Amino acid sequence: MRPLCTTATASTVLLTAVLARAQVLTWDQAYQRATTDLELLSQDEKIGMVTGVQWMNGPCVGNVYAPESIPFPSLCLQDGPLSIRFANPVTVFPAGINAGATWDRELIRSRGAAMSAEAKGLGVNVQLGPALGALGKIPSAGRNWEGFSSDPYLMGIATAETIHGMQGSGVQACAKHYILNEQEHNRETISSVADDRTMHELYLWPFYDAVKANVASIMCSYNKVNGSWACENDEMLNGLLKGELGFRGYVLSDWNAQHSTVLSANTGLDMTMPGSDFNTPPGSIYWGDNLATAIANGSVPQARLDDMVTRILAGWYLTGQDQGYPPVAFNSWDGGAASVNVTTAAHGDLARAIARDSIVLLKNTNQTLPLRTPTSLAIIGSDAIVNPEGANACADRGCNVGTLAQGWGSGTAEYPYLVAPLSAIEEKLAETGANIVTSTTDDAASGAEAAAAAETAIVFITSDSGEGYITVEDHAGDRNHLDPWHDGNALVQAVAQTNTPTIVVVHSVGAILLETILAEPNVVAIVWAGLPGQESGHALTDVLFGDTSPSGKLPYTIGKSEEDYGTAWTTELVDNFAEGLFIDYRHFDHAGIEPRYEFGFGLSYTTFEYTTLSTAVNVVPGPTTGDTIVGGPEDLFEIIGTVSTYVRNSGSVTGAEVVQLYLGYPDSAPSTPPKQLRGFSKINLMPGESGQAVFELRRRDVSYWDVASQKWVVPTGTFQIYVGSSSRDIRLTGTFTV
C-alpha cells in the first residue's frame, strides 16, 4: 500500500494549491458579468436556466437547461458532502463528523479542496455540500454525520474552511439544508418552530459563516419553518438569508421540496431541482412553462426572474467556471463509470490523515494503547471486515453489513476500495509473528471463544443512520435508540467476561451509550473511529500501534442515557424546539447533568500542561451598527481582541492538543448557556516543546441576538474565560469586562 503522508505534508500540498488559485472574482465583478449576459438571453432561456430538466433526464442528479445565446452549460449538480455520488472511481473521504472531530482547520480545508478537485475533474459544477443543517440537536437524528458538530461555532468554522477549499478548486459549494432540518421522520411535512434568538444563535450561526465564505449556492430544506415551507418562506429566504446575511448567491430547492409556482418564486427560490417531483407517479412541474405563464400574467415580476438568473450566472463566474471548465465525465444512471480517473495517491493519503486525526481515544486504562508488538490478538465483530458481498453492495450504503465507514443516503459515494480493520491489522503485523485469532461475526459465543485464545481482544461495534428514504434494520433514517447495533453490548460483555483485556472500537454516526460496556472491568480501552471512509483500517492501525498519538476530540457529547440529552425525534407534525439554546453540552451544563464523555473530550498518548493566560479585548458594548455586506453587518466579524495561552507537551511522545476557548456571558445577556465554544487551536508538539494558542475574538463571538432590537448586541459586564482540553476539563480561567 502507499506510504502515509504526514498530516502536514498531505494537507499543505493541497492547501497551497488552493490558496494559489483562490477566488477568481469578487461578487461585484461576477454580478457585472452576469448582468451583461442577462441582456443577451431570451425569456425561454432564462426560464430554462432556473428550471431543472427533471429527474434522470441529464447525467447528474440535477441539471438545468443550457441557453444558446451565451456559452453557459447545462449545470451539473451532484451530491455530496464527502465525495461525488454515483461516480467512480472517486476518493471516499471521512464523513463530515470525522472532519469536525479533527478540530484541524487545515485538514478540513484540504478535504474540501480535494473533494472538489475530483468534482471539477468529473465536470460537476455544483457540489451539494457541505452539510450544516441538521445542527444535531437530536443525537439520534439520521443525517447528523454529514455535518461537522452539534456546536454552531465548530460547525461554522468547519463549514467556512470547507467552502474555501471547494470553491478554491473551482467548484460551486452548496450549503445545505436551510433550515431547522433536524430529523428524518416526517421531514417533508414537519413544521420546525424555533424562537428568534434560538434561530440566530444556534441554527443560523453556521450559515452566517457559509455566506461570509462566499458560498455560491444554498439548498433550502424539505420541512416547514414556523408553518411555511422552507423553500417558499419569505422570512427565511428574503428576510434572513438574502437580507440580514447579505447572501448574493442563489437558493435551490432540495429534490421535491418545491410546493408552488408563484409563491416559491416571489419568496426567494432561485432554482428548482430536479425540475419536477421525481417520485412515482410524477407530480407537478411548478416552473418551466408554468413560471413563464405566471410572469406573463403578472403574478411573478419579470425582475424576480432576472434576479434568479443573475444570481445563478454570478455563482458560475465567481468560481471561474466560464474558463476551460471540463465537461461531465460520468452518467449517474449507467453505473457512473467515469471517462477520467480523478483520484490521486495524495487524496488517498489525505483521507487516511483525516481519518487518523479524527480518532478519539475515550478510555485507556494503564496505557493499554498503543499495542506496539502484541504476541496475539483476537479480532472480533462483523465490523472488522468488508461486507462479503462487496463494499458497494447496498445502494447508497443502505445496509449495515461489514465495516461501517459511511452512513446511508444521498450523501454517500462508491468506494474505489475499502481498507477494513482486520486486513490493515494483518498487514501491520505480517512480519512480527503475532497470532491473529478472528471471529468476524457478531455471535457472542464465537467472539468469546476467539478472545480466550489471545492475550488481547479488539471488538468492533457499530451504530448506523442515514436519510429517511431508506430503512435499515427498522431504522427509518433516524436511529431508534443509541445502543450499539447487532447487540454489540452483549458481544463486548461475552468477550470481556473471558478475562481477556478488551479494546472496543466504535464505528458510529454519532453518540452511542457505553454504560453497559464500561461496566465490564476488562474493557480497558475504547476508541471512537466514527465514519472514516476508504482508508479506515490504515488510519486505525496508525493509532492502535502508536505510529501516531490520537488527537481527535468529540464534536458532540456522549451522555449516560438517551434522556440526558433532553431532545428526541418526534412523530408529531410540529417540533417546537422547546429546548431553545440548550442543546448538547449547553444542555448538560445548564441542567447540571454529568456526561459520560463531554464535548471536546479526547485522550492522548502524551500529556499537556497549560500556562500563562493572556487577554486583550477592546470592544464597545451595544448593537452592531455596520452596513450589511456578504455575511451580515459589516462590523459583526471585526476582530475585537485576543485570548492566548501556552501549552507544553509534558509527556514522552509527540502529540497534538486541541486547545479550546469557552466564554461565559455576563448576566446582562439573559438566559445564556453557562459556557459556549468561541475558539480552538490544534497544536502539534514534540516532547518538552511548548507552543502558543492564540484565539482571535470576533464581535459576533461576544454578542447575543437581541430580539427587541433585532440586532447582535455585545452585553455589558464581566465575561468568564475558560481555556482547556474539553468543555469540562478547564485548565485556566480568567475574565474581561465590557
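How do the residues of the lining of the second largest pocket divide into nonpolar, polar and charged?

1. The lining comprises nine nonpolar, two polar and nine charged residues, where Ala, Val, Leu, Ile, Met, Phe, Trp, Tyr, Cys and Pro count as nonpolar, Asp, Glu, Lys and Arg as charged, and the others, Gly among them, as polar.

2. The model is predicted, so that local features need pLDDT of at least 70 and side-chain atom pairs pLDDT 80 or more, while totals for chains, interfaces and linings use all residues. Residues are numbered from 1 along each chain as its sequence is written, and side-chain values use heavy atoms, leaving out hydrogens and water.

3. The second largest pocket holds about 440 Å³ of space. A pocket here is an open set of points on a 1 Å grid over the protein atoms alone, where a 1.4 Å probe fits, with protein on both sides within 12 Å along at least five of seven lines, and lining residues have an atom within 4 Å of a point; the volume is the space filled by probe spheres set on the points.

4. Of the 20 lining residues, Arg-105, Tyr-153, Ile-157, Glu-161 and Arg-698 are the closest to the centre of this pocket. Helix 6 (152-168) is among the elements that supply at least two residues each, as is strand 24 (690-698), and helix 6 gives the most, with five. Helices (H or I, at least four residues) and strands (E, at least two) are DSSP runs.

5. Strand 24 is also an edge strand, as is strand 17 (608-617), of an open, antiparallel sheet ordered 17-21-24. Strands pair if DSSP finds at least two bridges between them; eight join strand 17 to strand 21 (residues 639-649), with Thr-611 partnered by Tyr-646.
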